[in-house]
Amino acid sequence: TIFMRRNGERFPVLIFEAPLVDGQGRHTGWMSSVLDVSAQRRVEELSRQQQERLQATARLATVGEMASLLSHELNQPLAAIASYAAGSLNLLEAGRPADPEAPAMLRQAAQRIAEQAERAGRVIKSVHDFVRRREQAREAVRADVLFDAVMPLVRLQARKSGTRIELDLPDPPPRVVCDRTMVEQVLLNLTRNGIQAMETNTELADRVLTLRARQTHERWVTFSVVDRGPGIAADVANRLFTPFFTTRSEGMGLGLSLCRTVIEQHGGALDFVNLGSVGTGRGTEFRFTLPSEARERAAAAALAAETPDAAAELPS
């Protein structure tokens, strides 16, 4: 709980209580001890800030690895804008505005320019929203909203490798309580790993990545990312979540380690299972759990019922 000194300073404490029993076994009072945990909370806050900075670095590294995909995705709308603008200028320079069809053609070109500019803007915004650093804030959010947030970046890589993305969600989608930015990082890392796993050993027709969310328990929602790659060999599996271990020459080896840390900070768990013997191409399923909105509401209600509002006063 929170105590307050006479000077108005508030500080966190842990209170330990035990019954005081006399020689005849009668309960005659209570013994209490109060532990000031201010220093511990400061250390926890410092650790949280360091973890958040590491997450921000990982997001920047992720976008850096995808730079060529982003440039290709932006070049398409920019080329279309340039083409429509050049066509419009040609109409004007040729003196064709007097042509009855010219206004309609110019209007159509302007609409296409606006559409392509909006498309390029969406790409840039999705990258900006993903990379920007902000304070942790947990909120109730639907599973489909989390998937939609990372889909623009996922589809960039999926299109390059010919991978199809399938969403498997119930109606209505389950709701979780989480830090959206961190969970989106987890989803992006897992989806990118799944796409990369199918790039070399999976036939083009079989390259399907399935994103799934299910309310598997009244307190938990399970998210799954399922690929059809060759699976994960035992020697790799033993080190998969080790920091700085990677099987890719351009990778940092922080992705899965950070993913597990993020999920465990939410009270959940992250693991994987091979869907067949390694090398068969039946794929791998990575899955993690997040607390459901119903669980968080129940926990908040229980805490409110047990925690007194008034702050105790101690001498300074």
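This is a predicted model: local features need pLDDT of at least 70, side-chain atom pairs count only at pLDDT 80 or more; totals for chains, interfaces and linings use all residues.
## Helix α4

Helix α4 bends by about 50° at Met 151, with a proline, Pro 152, following within four residues. Helix α4 covers residues 143-161, a run of 19 residues. From its first C-alpha to its last, α4 reaches 26 Å, close to the 27 Å expected at 1.5 Å a residue.

Just after α4, Gly 162 takes a positive phi of about 75°.

## Salt bridges

The whole structure contains 12 salt bridges. One of them joins the side chains of Glu 115 and Arg 112, with an N to O distance of 3.8 Å. Both residues belong to helix α3 (residues 102-131); because they are 3 residues apart there, about one helical turn separates them. Glu 115 is partly exposed, at 42% relative accessible area, and Arg 112 is likewise partly exposed, at 26%.

Other pairs connect strands. Arg 214 forms a salt bridge with Asp 168, and their closest N and O atoms are 2.7 Å apart. This pair links distant parts of the chain, since Arg 214 lies in strand β7 (residues 208-217) and Asp 168 in strand β5 (residues 164-168), 46 residues apart. Arg 214 has a relative accessible area of 30% and Asp 168 one of 24%, so each counts as partly exposed.

Between Arg 287 and Asp 271 there is a further salt bridge, with the closest N and O atoms 3.4 Å apart. Arg 287 is in strand β10 (residues 284-291) and Asp 271 in strand β9 (residues 270-274), so this contact ties together parts 16 residues apart in sequence. Arg 287 is partly exposed at 30%, and Asp 271 is partly exposed at 34%.

## Nonpolar surface patch

Leu 14, Phe 16 and Leu 35 form a nonpolar patch on the surface, and together they have about 270 Å² of accessible area. Leu 14 is located in strand β2 (residues 10-21). With a relative accessible area of 38%, Leu 14 is partly exposed.

## Cysteines

The count of disulfides is 0. Cys 178 is buried, at 0% relative accessibility, and Cys 259 is buried, at 1%.

Key. Residues are numbered from 1 along each chain as its sequence is written. Side-chain values use heavy atoms; hydrogens and water are left out. Patches are made of residues with over 30% relative accessible area and no salt bridge: like charges are joined within 9 Å, nonpolar side chains (Val, Leu, Ile, Met, Phe, Trp, Tyr) within 5 Å. Accessible areas come from the Shrake-Rupley method with a 1.4 Å probe; for residues, only the protein chains shown count as cover. A salt bridge is a side-chain nitrogen of Lys or Arg within 4 Å of a carboxyl oxygen of Asp or Glu. Helices (H or I, at least four residues) and strands (E, at least two) are DSSP runs, numbered from the N terminus. Buried means under 20% relative accessible area, exposed over 50%, partly exposed in between (1.4 Å probe, protein chains only). A disulfide is a pair of cysteine sulfur atoms within 2.5 Å. The expected span of a helix is 1.5 Å times one less than its number of residues. The bend at a residue is the angle between axes fitted to the seven residues ending there and the seven starting there.
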